[in-house]
Amino acid sequence: MKKVFADAQAALDGLVFDGMTIMAGGFGLCGIPENSIAALHKSGVKGLTVISNNCGVDGFGLGVLLDAKQIKKMVSSYVGENKEFERQFLSGELELEFNPQGTLAERIRAGGAGIPGFFTKTGVGTLIAEGKEHRDFEGETFIMETGLKADVSIVKAWKADPQGNLVFRKTARNFNPMMATAGKVTVAEVEEIVELGSLDPDEIHTPGIFVQRLFVGEFEKRIEQRTIREREVA
Amino acid sequence: MAWTRDEMAARAAQELEDGFYVNLGIGIPTLVANHIADDIDVTLQSENGMLGMGPFPFDDDVDPDLINAGKQTITELRRTSYFSSADSFAMIRGGHIDLSILGAMEISEKGDIANWMIPGKLVKGMGGAMDLVAGVKRVVVIMDHANKKGEPKLLRECTLPLTGQACVHRIITTLGVFDVVEDGLKLIELAPGATLALLAEQTDAKYTVADNLLEHEAA
C-alpha cells in the first residue's frame with residue numbers, strides 16, 4: 001500500500017466530510033500541520049470539531065478555519081491568541097470545551113491506545129470535575145476522563161520514510177505523536193521523506209503503523225514570540 | 001518599600017535546591033531563572049515537551065521549532081531532552097517534577113489556588129496550570145499581595161473558580177512569605193518596609209506570625 005501522496009489535497013482526498021472530528025497537532029504555532037489546515041480550508045468542509053491544544057492566531061494556523069467559519073467546536077486547553085475566536089465564542093457561534101493540557105494529552109493518548117477512560121487528580125475540586133465520576137485510590141480522590149479519537153488526525157513531523165515512520169524535531173513534537181495514534185486515518189506532513197532504511201530504527205518517534213498517508217509540505221513556521229538576547233560585547 | 005517583581009523572583013529562586021527539576025510558570029515566575037544560584041544544578045522543564053531549557057537565543061540562532069510554554073523562542077543545553085506532551089504531563093502528573101513556581105489571582109488559607117478564570121470575562125483556558133498544581137511535589141506562588149483595586153488576594157475562601165484545591169505550599173508576595181500550614185497560613189518572612197499592621201490590613205486569610213519571623217532589610 002502506497003502511503004506517500006503528492007500534496008495535502010491529494011492526501012486528504014476522500015477523507016473529508018461535514019461535521020467530522022479532526023485532531024490537529026502543534027503547540028501554539030510550533031509543529032502545526034500548516035499544509036493540511038490550508039487544504040481543509042480550501043475544501044470548504046464545515047461543522048468541524050477540532051481537537052487541538054490551541055486554535056492558531058488570526059489568519060494563520062487553525063485561525064484560517066475559524067475565519068472561514070468552518071469550525072463548530074474546539075476542544076483545547078488554551079486559546080488566548082485569537083481575536084476572531086473571541087468574537088465567535090462570545091456571539092455563541094463557536095462551542096468550546098476546555099481541558100487541562102495534561103488531561104487533553106492523556107485523553108488523546110488513551111484514545112489511541114484503546115483505553116476508554118482513566119482517572120486523574122487534575123481538576124479535582126474545580127469546574128472541570130463537575131458531572132464526572134469521582135473515585136478514591138489509596139486515600140486520594142481522582143476524576144474520570146475519557147479517551148478521545150478523531151475521524152482524521154493531521155500531524156506535522158520533521159522526517160519520514162515511505163513507510164510513515166516519523167521523526168519529530170525539538171519542541172515541534174508536542175501533541176503530534178499521540179494524535180497520530182488517535183485518528184481513524186492519520187495524515188502526516190513532513191519536511192522531508194527519506195529513503196527506506198535511512199532512519200535509525202532506534203530513533204523513530206512514531207512507528208509507521210499509526211500513519212496512513214503522508215506528503216512533503218512547505219512550511220512557513222511562523223514564530224509567535226520572537227525573544228532574543230543581545231550578544232555581550234567583549 | 002516591599003518587594004518588586006524581580007525581588008520576589010530572587011526570593012523564589014531560594015526555593016530551588018541542587019538537583020531539582022523545576023517548572024516555571026509564565027510571567028513573573030519566568031524571572032526566577034535569572035536568579036538561580038551558581039552553586040546549584042537545576043533543570044528547567046517546559047511543559048510543551050522539553051527538559052533542560054536554555055536562555056533566549058541570539059538573533060541568528062532563533063529556531064521556530066524550539067519554543068517554551070509561553071511560546072517564546074529559547075535554546076537547548078547539552079543536557080536537553082525533548083518529548084511529547086503526554087510524556088511531559090506524565091512527569092508533571094506523576095510527581096516527578098520537584099517544584100512548580102507560578103502566579104495566582106487568589107489563594108485561600110487552605111492553599112486553594114485560582115489563576116485561570118474570571119467569570120464574565122473572556123476565558124483563555126487553563127493550559128497546564130491544573131495539571132501542575134495537582135501533580136508537582138511542591139507548589140510555590142509568586143503574586144502581588146493585593147490586586148489592582150487594593151483588595152486582598154490572600155483570602156479565607158477563593159471567590160474565583162479554582163485551579164486546584166489545597167495544593168499550594170508557600171506564597172511569596174510583595175509584602176512577605178507565607179507557608180500553608182494545618183490551620184491556615186503562617187507568615188514566615190516580612191519584605192523590607194512591610195509592617196505587620198500593613199499586612200493585617202491587606203490580608204483576608206487567617207494567618208499566624210512565626211515566632212522566628214525573618215524581617216528582611218532594604219537592600
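**Entry 1: terms and ground rules**

Two strands pair if DSSP finds at least two bridges between them. I also noted that helices (H or I, at least four residues) and strands (E, at least two) are DSSP runs, numbered from the N terminus. The model is predicted, so to speak of local features I need pLDDT of at least 70, side-chain atom pairs count only at pLDDT 80 or more, and totals for chains, interfaces and linings use all residues. Residues are numbered from 1 along each chain as its sequence is written, chains are lettered from A and ligands numbered from 1 in the order in which they are written, and side-chain values use heavy atoms, leaving out hydrogens and water.

**Entry 2: the three-stranded sheet of chain B**

I began with strand S6 (residues 106–108) of chain B, which pairs with S7(B) in the antiparallel sense over two bridges. Here B:Glu106 stands opposite B:Ala114 in S7(B). Both strands belong to an open sheet of three strands, ordered S7-S6-S9 (chain B), with mixed pairing. Why is one side of S7 and of S9 left without a neighbour in the sheet? Strand S7 (113–114) and strand S9 (154–155) of chain B are at the edges with a single partner strand each, so one side of each has no neighbour there. A reminder for myself: strands of a sheet pair through backbone hydrogen bonds, either parallel or antiparallel.

**Entry 3: the ten-stranded sheet of chain B**

Next I followed an open sheet of 10 strands in chain B, in the order S4-S3-S2-S1-S5-S8-S10-S11-S12-S13, again with mixed pairing. Its edge strands are strand S4 (76–82) and strand S13 (207–215) of chain B, each pairing on one side only. On average, neighbouring strands of this sheet are turned by 25 degrees against each other, direction ignored. For angles, axes are lines fitted to C-alpha atoms (for helices over the stretch in contact), and values run from 0 to 180 degrees between N-to-C directions.

I then looked at strand S10 (residues 170–173) and strand S11 (residues 176–181) of chain B, an antiparallel pair with three bridges. B:Ile172 has B:Val177 in S11(B) as its bridge partner.

Which helix lies across S10 and S11 of chain B? I found helix H1 (residues 5–13) of chain B there, running at about 150 degrees to S10(B). Helix H2 (residues 85–93) of chain B lies across strands S1 (21–24), S2 (43–46) and S3 (50–53) of chain B, at about 120 degrees to S2(B).

**Entry 4: A:Glu189**

I moved to chain A, where A:Glu189 is found in strand S10 (residues 183–193). A:Glu189 is buried (under 20% relative accessible area; exposed is over 50%, partly exposed in between, with a 1.4 Å probe and protein chains only). The side chain of A:Glu189 does reach the backbone nitrogen of A:Asn35 at 2.7 Å.

**Entry 5: A:Lys3**

A:Lys3 is in the segment before helix H1 (8–12) of chain A. Buried or exposed? A:Lys3 is buried, yet has no salt bridge, and A:Asp161, the nearest side chain of opposite charge, is 7.5 Å away. A polar atom of the A:Lys3 side chain lies 2.9 Å from the backbone oxygen of A:Gln163. The backbone oxygen of A:Val211 also lies 2.9 Å from a polar atom of that side chain.

Note on methods:
Lys, Arg positive; Asp, Glu negative; His and termini not counted. Salt bridge = Lys/Arg side-chain N within 4 Å of Asp/Glu carboxyl O. Polar contact = N/O pair within 3.5 Å; in protein donor to acceptor, adjacent residues only side chain to side chain. Contact = heavy atoms within 4.5 Å.
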